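Please look through the sequence and the model shown below, and keep both in view while reading the report that follows.

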Amino acid sequence: MVYNRKRTHVFTQQNKRMCAFSCVSIALIFEKKIAKTGHCGRMERIKPPALWRGFAGKEQEMTKEELARVVIERLKEEYPDADCTLDYDQAWKLLVSVRLAAQCTDARVNVVVEDLYARYPDVDALAEADVKDIEAIVRPCGLGKSKARDISACMKILRDQYGGRVPDDFKALLALPGVGRKSANLIMGDVFGKPAIVTDTHCIRLTNRMGLVDGVKDPKKVEMALWEIIPPEEGNSFCHRLVYHGREVCTARTTPFCGRCCVADVCKKVGI
């Protein structure tokens with residue numbers, strides 16, 4: 001093997017110059033802060049650029065993993081208390097609510113289920129209920145007939161096969177009537193505290209816009225792509241924060257409010 005001492009020396013000098021430049025830049029930030037306030041105080045977050053200069057002076061794009069880490073931390077700061085927007089106090093109620101939430105707002109579901117649970121307060125009662133009676137209550141959520149049928153069948157399975165409990169196995173959840181990957185992930189993450197990625201409409205829209213996925217609209221494909229770049233322990237909370245951000249800032253039916261977006265400097269703004 002030929003060892004090029006001269007080339008190695010030049011490369012090392014480039015490293016040193018880059019490190020020195022970074023240190024000077026950070027020092028200047030603190031100096032300006034002190035000059036303005038008299039102390040360092042709580043530094044404003046230093047926003048990393050979407051592009052950075054490599055050793056040869058070329059601009060290199062952030063990897064998806066790097067972008068994901070930045071987005072996760074920014075959303076944590078912006079929405080520290082983000083949680084599931086469906087109201088529930090028992091696992092089976094979340095199972096019912098998430099079925100009703102298909103093509104319906106969570107706010108409307110939260111209102112409708114109050115009457116449903118007042119009349120049928122547990123799994124056994126809902127399993128025994130006539131499907132038409134369930135339909136009459138859940139009709140405001142849309143698709144009343146199919147949702148009532150799925151809810152009735154699902155409660156019967158919980159009663160007969162699981163002793164009234166919701167299974168904590170992903171495949172078992174998928175086998176329940178009306179439960180898809182999105183619903184199963186929500187149950188696994190929110191009820192059982194296990195790694196989960198819930199690819200609802202907000203998740204799909206925002207991750208495409210930000211550049212975390214590339215033009216992928218299929219929920220399962222988005223989920224699989226996000227599993228590659230989102231730490232498992234962050235997935236569930238990350239998706240809840242996407243819902244908040246999608247409703248308040250990165251909206252679907254209006255122009256997104258990029259001027260007050262916490263990730264505007266790193267977002268690729270695909271399709272905007």
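## Overall picture

Among the contacts in the protein with a separation of 6 or more, 59% are between residues 24 or more positions apart, where contact means heavy atoms within 4.5 Å. This is a predicted model, in which local features need pLDDT of at least 70 and side-chain atom pairs count only at pLDDT 80 or more, while totals for chains, interfaces and linings use all residues. Residues are numbered from 1 along each chain as its sequence is written, and side-chain values use heavy atoms, with hydrogens and water left out.

The secondary structure of the protein comes to twelve helices and two strands, and from the N terminus on these elements run α-β-β-α-α-α-α-α-α-α-α-α-α-α. Helices (H or I, at least four residues) and strands (E, at least two) are DSSP runs, numbered from the N terminus. Of the 272 residues in the protein, 40% are buried; buried means under 20% relative accessible area, exposed means over 50%, and partly exposed lies in between, with a 1.4 Å probe and protein chains only. The protein exposes about 15,900 Å², of which carbon and sulfur atoms supply 54%, and such areas come from the Shrake-Rupley method with a 1.4 Å probe.

## A mostly covered helix

Helix α9, which spans residues 181-190, is mostly covered, since eight of its ten residues are buried. These buried residues are S183, A184, N185, L186, I187, M188, G189 and D190, and what covers them includes α3, α8 (170-174), α11 and α12.

## Two pairs of helices

Two helix pairs can be described by their axes, which are lines fitted to C-alpha atoms over the stretch in contact, with angles that run from 0 to 180 degrees between N-to-C directions.

| Helix pair | Axes come within | Crossing angle |
|---|---|---|
| α3 (residues 91-100) and α7 | 10 Å | roughly 160° |
| α10 (residues 201-210) and α11 (residues 219-227) | 10 Å | roughly 60° |

The axes of α3 and α7 cross at roughly 160°, which makes α3 roughly antiparallel to α7. Angles under 35 degrees count as roughly parallel, over 145 as roughly antiparallel, 65 to 115 as roughly perpendicular and the rest as oblique. The crossing of α3 and α7 is right-handed; a crossing is left-handed if the near helix is turned anticlockwise from the far one by less than a right angle, and right-handed if clockwise. From α3, the contact is made by W92, L95, V96, R99 and L100, and from α7 by S146, K147, D150, I151, C154, M155 and L158. These residues divide into eight nonpolar, one polar and three charged, where Ala, Val, Leu, Ile, Met, Phe, Trp, Tyr, Cys and Pro count as nonpolar, Asp, Glu, Lys and Arg as charged, and the others, Gly among them, as polar.

The helices α10 and α11 are oblique to each other, and α10 passes α11 in a left-handed crossing. Their contact is made by C203, I204 and T207 of α10 together with P219, V222 and L226 of α11. By class, this contact has five nonpolar, one polar and no charged residues.

## Two residues with positive phi

Most residues other than glycine have a negative phi. L143, however, has a positive phi of about 50° although it is not a glycine. L143 lies in the loop between α6 (131-138) and α7 (144-161), and it is partly exposed, with a relative accessible area of 45%. K269 has a positive phi of about 55°, although it is not a glycine. The place of K269 is in the segment after α12 (235-248), and K269 is partly exposed, with a relative accessible area of 30%.
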